[in-house]
Amino acid sequence: MNKLNLILCFILTVGIVRAQELKSPNGNFTMEFSLTVDGKPTYQLSYEGKEIVKKSTLGFDFKSNLKEMEFEAQKEVEKEKAMKMANFKSGFEVVDVKHSSFDETWTPVWGEVSQIRNHYNEMAVQLNQKNTDRQMLIRFRLFDDGLGFRYEFPEQKNLTYFVIKEERTQFALTGDHTTWWIAGDYDTQEYDYTESKLSEIPELYFSSMQSNASQTPMPVPGVQTALMMKSKEGIYINLHEAALIDFPAMSLALDAKNYVLESHLTPDALGDKGYVQAPFNTPWRTIIASNDARDILSSKMTYNLNEPSKIEDTSWIKPVKYVGVWWEMITGKSSWAYTDDFPSIQLGITDYSKAKPNGKHGANNEHVKDYIDFAAKHGFDAVLVEGWNQGWEDWFGNHKDYVFDFLTPYPDFDVKMLNEYAHSKGVRLMMHHETSSSIRNYERHMDKAYQFMVDHGYNAVKSGYVGNIVPRGDHHYSQNIVNHYQYAIEKAAEYKIMVNAHEAVRPTGVARTWPNLIGNESARGTEFQAFGGSKPNHTTILPFTRLIGGPMDYTPGIFEMHIEKVNPDNHSHGNFTIANQLGLYLTMYSPLQMAADLIENYERFPDAFQFIKDVPVDWQDSKYLEAEPGKYVTVARKDKNSENWYIGNSNGLEKRSTKIKLDFLDKGKKYEAIIYQDAKDAHYKTNPQAYVISKKKVTNKSELELFSAPGGGFAVSIVEIK
């Protein structure tokens, strides 16, 4: 053996000695950690013997503590020291490795299932950067459905306060996977999804974006999480994060030639990525994988990587089915604003008693009472009312700080009377807090606003963050603003208030720890069907992406797709069928579900509306029956409070027939299935309101033949016969 070969053999041997292996409880996943020759931490992941993440590096670039102007010749020593301290991705040695296992079953306050198993094998790798004597621990948890890992900075003298310039976590993929993605953006997730190969993303990057009230695309081609992919071998791979606390949200920058994704954190107004004080733990980086798409949807790994509930008494947290004064404003039929008299508003100065009502204000006493009556008649829990408070004439686009006070109603909205009326009917009003992204103003008023809710009998709030962030220059997903969303959730819990946050950061399973977070938007919701429309297969992708981190307040249930019939000036068209809208109450899981359409449209289709009335919002069990991203999702769920089952389907661009086995039903029991499905000539564009309803006696040996039109779906109620 010559000298060169001997050296190479020694290097390989060293690499092998440093390697540490971790297997999932069922043995399907294998993760290997190692250090490169220059001390870079790396990991690689295999599933059923097939590599799905090649050797990928881990670490950080910290911000230098010297200004660029100080990098003069006489400052070379300081410069060299600063640059050395900025590198936190190489020069490490392994100090200790600890292995452990964990297995528990916990009970969620609400959810798709009544029990969740949290079972993983763990490896904690303690590292020391030799030339700086700084420590870091990387904790890996390998579940039967995937891998979670995070960085931990212990208390230490040489690393206490530091600023992150960029996180350098890599996901080196094995090929040019098919990918369902939205462009990386610091301020919005409200984009339609694009399906393409990884290599095609740079070319499609800017054309994939639609206009939004606030958007700041990443400066380099990248994608947001949760990211869904499929390899040519048929392995489904999902990348996301869990337990996003006191840290910026992560997007993924793309090296399209080498199929490598690398973490790209959302910057703040100064361009910094994160301010850290040790001891500190980052969020978990997650990889869920399977050769069956249904396993991605049923995974609870994201929740399992969050801490248990910090709310001891959760009895006040209740799933909610609601209606509201909302869609008419979204379509432009009604307005949030009370008057057209004032070009600008100054709260406490502008005198609304002298204003002429514009005649279009939706949040007026009589109209809200109509919705309360409708909710009471049909068994809904709550009525959302938007546009009830002063300031909507001048709320957007001017970086306005003191925009709303969340306390003062318009002259035609009697808070006390309406709440008393609602409670007398067994219904609650749901509060609406649009902040116009003025974070400071919302925090200024938050205690008084929540107390106002308690005093008037509100127990849930829909908050909104439309527009650019105030203070100016910051972003919706930066560390500061992520901390604001968390502050709002925790402050609401003090007042026993449930939160449904719109335009906030995408969820990462935090609702396990704070279950009063019963909903988020954080994606392109139904409202965009009135803003020009969304792709017909949009809701076959969202369960694989946005819903991985938690439920979405998607606001389904629209029965009139021709928006000009609601508002003649709006020529948008909803790209779905009525049967599709019914199926969404199952496929778009949420403990918070809205029947979003106008009262008169439900009265036109009372037989289809019956399903919305019947379907629960809390479940004891769920079975994903069929799934393929972009094409179809079918799920069966068992009501938490009865023996009844419900099935829902959302379909993509092609019409589809399927056979569904009902072997999940209890043996020996008889049921009646009420089937709501697309008519054979239904189509999201040309015939969206064509549906058929049928009934059939079934048992666990039965099979249902069901049809979905393009952009369609189906829904089934399966009621036990006693």
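How many bridges pair strand 5 with strand 6, and in which sense? Strand 5 (residues 60-62) and strand 6 pair over two bridges, in the antiparallel sense. Pairing here requires that DSSP finds at least two bridges between two strands. Helices (H or I, at least four residues) and strands (E, at least two) are DSSP runs, numbered from the N terminus. The model is predicted: local features need pLDDT of at least 70, side-chain atom pairs count only at pLDDT 80 or more, and totals for chains, interfaces and linings use all residues. Residues are numbered from 1 along each chain as its sequence is written, and side-chain values use heavy atoms, with hydrogens and water left out.

Within strand 6, F88 is the bridge partner of F60.

Leaving out residues up to four places away in sequence, F153 touches F60, F62, F88, Q135, M136, L159, F162, A278, P279, F280 and T282. Contact means heavy atoms within 4.5 Å. The largest nonpolar core has 204 residues, and F140 and F153 touch the most other members. Such a core is a set of buried Ala, Val, Leu, Ile, Met, Phe, Trp, Tyr and Cys residues joined through side-chain atoms within 4.5 Å. Buried means under 20% relative accessible area, exposed over 50%, and partly exposed in between (1.4 Å probe, protein chains only). Another core lies apart from the largest one. It has 16 residues, including Y671, I675, L704 and I718.

A charged residue can be followed next. K300 sits in the loop between helix 4 (293-298) and helix 5 (301-304). K300 counts as buried because its relative accessibility is 14%. Beyond its neighbours within four places in sequence, K300 is in contact with E112, V113, I116 and D145.

On a 1 Å grid over the protein atoms alone, a cavity is a set of points where a 1.4 Å probe fits but cannot get out; a pocket is an open set with protein on both sides within 12 Å along at least five of seven lines; lining residues have an atom within 4 Å of a point. Grid points are joined across faces, edges and corners, and a volume is the space filled by probe spheres set on the points. There are five cavities of 30 Å³ or more.

The largest cavity has a volume of about 230 Å³. Its lining comprises 21 residues, with Y485, I489, V505, L517 and N520 nearest its centre. Helix 10 gives the most to this lining, five residues. By class, 16 are nonpolar, four polar and one charged. Ala, Val, Leu, Ile, Met, Phe, Trp, Tyr, Cys and Pro count as nonpolar, Asp, Glu, Lys and Arg as charged, and the others, Gly among them, as polar.

The second largest cavity holds about 70 Å³. Among the residues that line it are T526, K535, H538, Y554 and L584. Four of its lining residues are nonpolar, seven polar and one charged.

Strand 26 supplies the largest share, three residues. The lining divides into 14 nonpolar, 12 polar and eight charged residues.
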